[in-house]
Amino acid sequence: MATLCKNCGHALVFDPGRQKLVCSACGSTFFAEEVESESKAYRQDLDAESINKINGTDDKDLMDCYVYTCSECGGEIIVNGTEASTTCVYCGNPNVVFSRIAKQKCPEFILPFRITKERAIGIVKEHVRSGFFIPRQIKNFPVECCRGIYLPYWVVNADFYDAVIIQGQVKQGKNYVTRYFGSAGSMKLKNLPLDASRALSDESSSRLEPFDLRDLKSFDEDYLAGFYSNVSDVTYSDVRKAALLRGEEYFNEQAMGQVDASSKKVIASRPSLKLDNDMVYVMLPAWFITLNYKGKHNTILVNGDTGKVVCALPWKKVLFFTLLILVGILITIAAFFVFRATLPIFFTGRRSSSSRKGEGKIFGLLIAGIIALFSTGIGKVIKVIKNIKLTQDKDMFNFMKKRQG
Amino acid sequence: MIDILSWILAAGVGFGISCWIFGNLLEKSNNMGDYKGDKGDYNAYVNFKVTRQIGKSEQSSFLYMHAEKIDTANDPQGTELVRRMTDEEREQNKKKVPTGAFVSEANGINSKKSFVDEYEKWEQETSNYGGLKGIFKPVATEDEDRAGF
């Protein structure tokens with residue numbers, strides 16, 4: 001199951017820094033394409049495996065994991081239904097489950113890790129250190145677990161069509177009135193990567209984008225050495241739904257840009273999508289780093305190609321609300337003197353009806369401004385809380401943690 | 001009266017500004033990488049057919065008139081797993097359907113696109129990004145797998 005060094009017979013591991021397979025025993029290095037292991041020949045000659053042969057049993061319902069033997073130490077390697085590569089819990093050597101990547105299950109392309117484990121942790125620490133509201137325990141976090149996982153993706157092309165109704169406020173004379181706009185059109189989505197793993201939420205995986213697909217290499221299992229990986233387990237309906245949702249996001253954004261109104265929102269739509277059949281199965285790299293804070297596991301994702309960090313971390317609530325109230329009080333006191341000096345102008349003396357209307361307008365704008373400030377600020381806080389929940393998502397933690405090694 | 005109104009408005013402005021400032025600061029400090037690929041990354045530029053103001057009662061008719069009806073009768077079943085085609089299947093489709101297609105067990109080959117020279121065009125179009133080209137079909141049934149198809 002492992003690719004072995006031709007000089008000393010030790011297992012090789014892919015080093016993202018050097019973009020080569022490295023032997024930790026004798027220091028030899030090889031390009032993935034150069035290595036011609038027996039396993040490769042075995043995989044190329046392999047016919048589709050029977051389910052009985054893989055499972056060792058007929059009763060599929062009783063099995064949710066598979067047992068293999070480590071080619072280095074003979075220890076048991078346990079993988080779940082979609083894992084394609086893992087690490088031996090006894091000797092730490094990388095192992096690839098070739099039957100999982102044989103024939104139709106084999107990806108066409110792979111984007112090898114470019115960010116090393118140390119670099120990924122370094123990037124996260126750099127980001128975390130600069131966070132003003134991030135607790136000190138997190139800033140000096142000990143890494144609970146850091147795993148490099150190749151995620152399966154389908155890169156799709158699709159024709160997307162949509163007709164939408166947009167509601168917006170339009171100025172008519174001196175007032176704003178509600179108006180409706182219809183917009184219809186089409187677009188062609190090209191090389192859109194869609195997460196092909198059901199265990200990982202689309203919301204998390206889509207935020208790892210963008211990946212530079214120009215650096216894709218023809219799939220070679222040696223790139224998996226030293227990393228974990230999963231194979232595709234999504235249905236046609238999953239892929240279609242994900243593409244449709246992404247298409248809608250891009251369409252709505254541009255359709256609203258076409259309409260000259262304020263407070264715009266799409267109130268109805270009729271989208272449709274035709275997926276091209278030239279879907280490409282690829283594996284894309286991501287680092288999963290977990291840290292424990294107050295008994296909760298936070299999983300930070302790092303794009304293994306670009307180093308983009310994806311997470312929302314817990315915040316210092318006491319500091320946040322203390323500062324918010326203090327600054328609020330200071331601005332309130334300053335604003336009070338301004339209002340006390342200016343308001344009497346509006347309430348004293350005889351004024352014409354037109355000047356009264358102008359004053360009403362000023363008050364209206366002032367109140368609208370206050371509401372906008374509150375809603376924007378609260379909206380940002382809600383967004384952060386929502387993303388913290390995603391970072392602390394148990395499914396994502398289990399996706400990363402429930403692997404041996 | 002003036003004092004009370006001044007306090008109310010000042011509190012609104014004061015805490016409103018404070019809320020806005022700290023909401024933004026919190027987002028910058030604790031929320032990282034909260035964006036997806038841009039439309040430019042996937043060439044997702046809309047070609048608008050129509051954009052116009054409509055009446056409230058026109059909404060359904062507008063959607064009905066302008067929504068594209070796509071025939072998905074030949075598409076795979078939603079419950080079928082997606083996988084790559086074998087070399088043989090790919091070769092078969094290359095000959096019969098130049099643009100590549102889904103092989104339906106029931107209907108054989110989807111022959112929506114049947115221009116003879118389109119395969120070469122398709123290959124050229126998909127030659128960017130490291131020569132991305134592929135083809136897929138739902139995973140074979142369990143029985144087929146066992147039989148070694």
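A polar contact is a pair of N or O atoms within 3.5 Å; within protein, one atom must be able to donate a hydrogen and the other to accept it, and residues adjacent in sequence count only if both atoms are side-chain atoms. By that rule, 31 residue pairs are in polar contact between chain A and chain B, with both residues at pLDDT 80 or more.

A word on the ground rules: this is a predicted model, in which local features need pLDDT of at least 70 and side-chain atom pairs count only at pLDDT 80 or more, while totals for chains, interfaces and linings use all residues. Residues are numbered from 1 along each chain as its sequence is written, chains are lettered from A and ligands numbered from 1 in the order in which they are written, and side-chain values use heavy atoms, with hydrogens and water left out.

**Where the chains meet**

Chain A brings 113 residues to the contact and chain B brings 92 residues, where contact means heavy atoms within 4.5 Å. Helix 7 (residues 317–347) of chain A supplies the largest share of chain A's side, 16 residues. Helices here are DSSP runs of H or I with at least four residues, strands are E runs of at least two, and both are numbered from the N terminus.

The size of an interface is often given as the accessible area lost when the parts come together. Here about 9,200 Å² is buried between chain A and chain B, and carbon and sulfur atoms give 66% of that; the area is found with a 1.4 Å probe and summed over both parts.

There are also 6 salt bridges between chain A and chain B, each a side-chain nitrogen of Lys or Arg within 4 Å of a carboxyl oxygen of Asp or Glu. One of them joins Arg207(A) to Asp34(B), at 3.2 Å from N to O.

**Strands across and within chains**

Two strands pair if DSSP finds at least two bridges between them.

| Strand | Partner | Bridges |
|---|---|---|
| Strand 17 (residues 309–312) of chain A | Strand 1 (residues 31–32) of chain B | 2 bridges |
| Strand 1 of chain A | Strand 2 (residues 20–23) of chain A | 4 bridges |
| Strand 9 (residues 145–172) of chain A | Strand 14 of chain A | 4 bridges |

Between the chains, Ala312(A) has Asn31(B) as its bridge partner. Within chain A, Asp15(A) stands opposite Lys20(A), and Asp159(A) is partnered by Lys274(A) in strand 14.

Strand 14 (residues 272–275) of chain A is covered on both faces: Ser272(A) and Lys274(A) on one side, and Leu273(A) and Leu275(A) on the other, are all buried, that is, under 20% relative accessible area (1.4 Å probe, protein chains only).

Terms used
Buried area is the accessible area (1.4 Å probe) that two parts lose on being put together, summed over both. Buried means under 20% relative accessible area, exposed over 50%, partly exposed in between (1.4 Å probe, protein chains only).
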